[in-house]
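Let's take a friendly walk through this model, starting with its aromatic rings and moving on to its strands.

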Amino acid sequence: MPAPPHAMAALMAPRSVAVIGASERADASSSFVMRNLLARGFAGPILPVHPRGGTVFGLPAARSIADLDRTPDVAVLAIAAQHVNGVLEEAGAAGIKAAVVLASGFAELDAAGRERQDELVAIARRHGMAVCGPNCLGLFNLHSGAALYSSTLSGTLAPGALALVSHSGASAIALSGTGRLGLSTVVSCGNGAASDLPDYLAFLAGDDQTRAIGLVMEALRDPSAFARAMEAVNTAGKPVIALRAGRSAAGQRATAAHTGALAGSAEAYASLFRRTGVIEVGDMDEFVETAALCIGLHRRPARGGVAVIGVSGGGVAHVADIAQENGLALPAFSPRTVATLTSVLPPFATPQNPLDTTGAVFADASVYTRVLEAVAADPAIGLIVAAQDAPPGLDEAGAGEYLGIAGAIADFAAGARMPTVLMSNLSAGHHRLFRERAGQGILVLNGTRAALKAIAHVMPRGEAPIPACTAREEPDPRWRAVLSSGKRLSEGEAKAFLAAHGLPVTRETLAASAREAAAAAGAIGYPVVMKIASPDLPHKTEAGGVRLAIADAGQAARAFEEIMRNARAYAPQAELHGVLVQETVSGGVEALVGLVRHEPFGLGVVVGIGGVMVELVADAAFELLPVDRDAALAMIGRTKLAPLLAGYRGAPACDVPALADAVAALSRLGETYGDHIAALDLNPVAVLPAGRGVRILDALIR
């Protein structure tokens, strides 16, 4: 249940604050909160509460919440974990709509802590309260001075347009303290027990002081609520940048120990982020450069092409290499642009993208300006990267050589119709004199890889949107009963289920004897494939339960006896239904298609290279449900399956549209029967030559 909007407003933009457990003791968390509120110019009433009364930092202290002469918007609970819930109940009963719980000792600790956290959530829900924490540093609204924050706040923090919401207190300190980002609000939300990322996003969507939002997240408990909040953020036109901890196995263990919530699948997060428009970054450097770019860009590039300009051939080649690695398009300049550059640059220059202006710009900086103007007029270019180093370690004379270039870039950017970025290849940035000459009106990014990744995040991609939902079909009562019974399905039963819902399976017959096997093989047509039919033997080859290229009735009869004998020896207790006699499907490429469940996200579709190479190649694309035909085609295009299907090394091209249709059909199946399916594996799926469709050769439903 989301926190009510008025409760989130009381938390994020309070007009009055009570500090419970207020103290002047230097190391007390309440002491930090009191000093921060007083130092940051919070204009509203600050109401200390302490059982002994008296004064705290010169302010009269009430002995309890009941003794307060007014009802504050928010209460900061700077008390031990075992006392939190009693005081929170008292605050809720008194009509206080928001609280910050600083204490640790909740779900991140142990079972008793989880129970304490569950009780905290119940209290917040009962009273309609927004609660930051527990296990957090608190929050700081830089525009109002509401510094409900239990750590030292640097005097260099500058008000700005980026809101930072972090499960990690240390990450909040690191990212807010870079000196690169002007901040509207910093929130260290800790466990996010009662109010979590969706609540903060929903508030910030309507916050006039915020133009971009940064998230440092360790877990997501309610993907649906997150997606709904992102709808509001996207409507407001505010980019969201997310740095997610817990992507590796070791990271997931650390996250669980810290927040008490296990991280989900990296692929599921990536799918959710694609659907909701979240920019996912890989580290703090990429976060900072992406946030700086999102705040500094007043409009997103209209075209997907990037132009790279520098003063060194080797330098711009280095930038081009990393641009290509990150999917940035550096299109060739138009003939008109080439002609203009030829007239501007020395005869020995090569007018191409990336562009080396040569050393001529050091003698005449106006050449750099004219180059920028020419490139900005090119119809394929949407953003210009001026890749210019002027290292901080230069002496003033050395830095002075670059000041003409800095001025040319600054003058152009001031009136340019084209988004322009000044980039240092060094994460250390530019020399002080260079930065001063470039001025404050130009977008500056540092570090080649982090900067180009940031740029890649904001360039138009032209990908079709993934559907938010599709019309859910009514399940067939018979199949719903089979799936909900808990009974394991054999391959034949699984294929019957798939065929009943329009998925293309092989022609096959279940044989209970050698005679039936021979008759079935003759009816299907030689050669045939024969497999053990058992819900207890999903890996048939290991059990000696598969025979290929059966060419006549005698082979079919003998194969039946061998398969049954091998299966009984391999698994004496297995339930054996007989042997499946199946048509042989030849030609094409083997794919894997399936449904897999990742909590708390639910089911998603996976597609990739199939057959016996699955574990070795380990290449697949994943999307949460639903997936339509266009999304399925995009998924296939992200895998190594795509070049194989296109006709690798002279092989015939395969029926990619039919595979996409099968993926979309499986998605619909997952939406219809998702409550009863843990996982569904179709491997291999034969993708036949173009126009011949696909055939599901093997199926496993759990």
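Predicted model: local features only at pLDDT ≥ 70, side-chain atom pairs only at ≥ 80, totals over all residues.

Residues are numbered from 1 along each chain as its sequence is written, and side-chain values use heavy atoms, leaving out hydrogens and water.

Rings of Phe, Tyr and Trp (its six-membered ring) pair if their centres lie within 6.5 Å; planes under 30 degrees apart count as stacked, over 60 as edge-to-face and the rest as tilted. The count comes to six aromatic pairs. In one of them, the centres of Phe226 and Phe273 are 6.3 Å apart and the planes are at 45 degrees, so the pair is tilted. It connects distant parts of the chain, from helix H7 (residues 223–235) to helix H9 (residues 266–276), 47 residues apart. Helices here are DSSP runs of H or I with at least four residues, strands are E runs of at least two, and both are numbered from the N terminus. Ring pairs also join Phe226, Tyr269, Phe273 and Phe601 into a cluster.

Now look at strand E6 (residues 98–101). Ala98 and Val100 point one way, Ala99 and Val101 the other, and all are buried.

How values were computed: Buried < 20%, exposed > 50% of the residue type's maximum accessible area, 1.4 Å probe, protein only.
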